[in-house]
Amino acid sequence: MLGSGRRRLFSALLQVQKRPCQPSRDMRLVQFQTPHLEQPHLGLEAGIGGGVIDLNTFDPTLPKTMMQFLEQGETTLSVARRALATQLPVLCRSQVTFLAPVTRPDKVVCVGMNYADHCKEQNVRVPKEPIIFSKFSSSIVGPYDEIILPPESEEVDWEVELAVVIGKKGKHIKATDAMAHVAGFTVAHDVSARDWQMRRNGKQWLLGKTFDTFCPLGPALVTRDSIADPHNLKICCRVNGEVVQSSNTNQMVFKTEELIAWVSQFVTLYPGDIILTGTPPGVGVFRKPPVFLKKGDEVQCEIEEIGVIVNKVV
Ligand SMILES: O=C([O-])CC(=O)C(=O)O
């Protein structure tokens, strides 16, 4: 169903495997751990599916967390740019464990009903203003971590989403200035317990959206200037290999700029804050009959140019 996008991903993976020492020119920032490191390091992923360049070895004065890296703005970004332009050793992917590209941000802001056909599949009007909710940052896990089915829910569902990572603090940001506040983009899975979201807790969405492990992210924070057009990317979710969601970010009702302008009227956005921009149609709860995740399932969420996260349900 993803056709040429999938073919491009596979050929990119093959190329990376053939030339493991050739970093891509795109800036793909990651947080990773190896058995030899005392604490996680910052790195650059050498293309989709490629190995990792250790930024903290390249420059030991760099901070070791993405939050601190983003807070320092242009100073740290220019070091990463220098690393990208230098021939550096690349750690094999099998040697590293990827963490979420951002851990413990101040906020995970989420947008509901932001794809017109996701509204259609549940018979609701396309919203005139963005619908905002949130997840606690404790729900964030890495790109290949497990999603734990909580015993409190029997209706856990999938939702692939494009995530925006904020790079610069701001309040009342104008839409025309919004992209200057974006560090980059990553892939998110807005795992959702429908029973808690739709029927329990006074129908407040929070609890259903924020169980531990309900926000896999990654693998990389792909910087803004590395993506040709964030609003024209194929986006897809597969469960056990079967495509369940397949769309394009050009179907989003409110794009990144409008979302940042909207949200920053209410709250200050800080470096590291994450905005999940909503999911396309094809979620399990609106299937006839509904389908939910079960132990042993594997969910792959993929966005063109950004990458794929793979999370087993346990
Ligand atoms: O369908 C929902 O649960 C709301 C939501 O997260 C989305 O539209 O992306």
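H189 touches I147, D157, W158, E159, F214, C215, P216, V299, C301 and I309, residues up to four places away in sequence being left out; contact here denotes heavy atoms within 4.5 Å. The model is a predicted one, in which local features need pLDDT of at least 70 and side-chain atom pairs count only at pLDDT 80 or more, whereas totals for chains, interfaces and linings use all residues. Residues are numbered from 1 along each chain as its sequence is written, and side-chain values use heavy atoms, with hydrogens and water left out. H189 lies in strand 10; strands (E, at least two residues) and helices (H or I, at least four) are DSSP runs numbered from the N terminus. Because its relative accessibility is 0%, H189 counts as buried (buried, under 20% relative accessible area; exposed, over 50%; partly exposed in between; 1.4 Å probe, protein chains only). Its C-alpha atom is separated by 5.6 Å from that of E159, 30 residues apart along the chain.

The largest nonpolar core comprises 49 residues, and those with the most contacts inside it are F185, C237, I260, I275, V299 and I306. Such a core is a set of buried Ala, Val, Leu, Ile, Met, Phe, Trp, Tyr and Cys residues joined through side-chain atoms within 4.5 Å. Two or more residues are given to this core by each of strand 1 (28-33), strand 5, strand 9 (160-166), strand 10 (182-189), strand 12 (215-223), strand 13 (234-239), helix 8 (256-263) and strand 16 (298-303). Strand 9 gives the most, with four residues. I306 is in contact with R28, I48, L162, F185, T186, V187, A220, V222, I227 and L233, its neighbours within four places in sequence being left aside. Another core, of 33 residues, lies apart from the largest one and has L42, A46, V90 and I274 among its members.

The ligand is surrounded by 14 residues, of which the closest are M113, H118, R194, Q197 and K209; a residue is included if one of its heavy atoms lies within 4 Å. Strand 5 (108-112) and helix 6 (194-198) each supply at least two residues of this shell. By class, the shell has four nonpolar, five polar and five charged residues (nonpolar: Ala, Val, Leu, Ile, Met, Phe, Trp, Tyr, Cys and Pro; charged: Asp, Glu, Lys and Arg; polar: the others, Gly among them). An oxygen atom of the ligand is 2.7 Å from an N or O atom in the side chain of Q197, and a ligand oxygen is 2.8 Å from an N or O atom in the side chain of K209. Of the 260 Å² of accessible area that the ligand has on its own, the protein covers 99% (Shrake-Rupley method, 1.4 Å probe).

Methods
A polar contact is a pair of N or O atoms within 3.5 Å; within protein, one must be able to donate a hydrogen and the other to accept it, and residues adjacent in sequence count only if both atoms are side-chain atoms.
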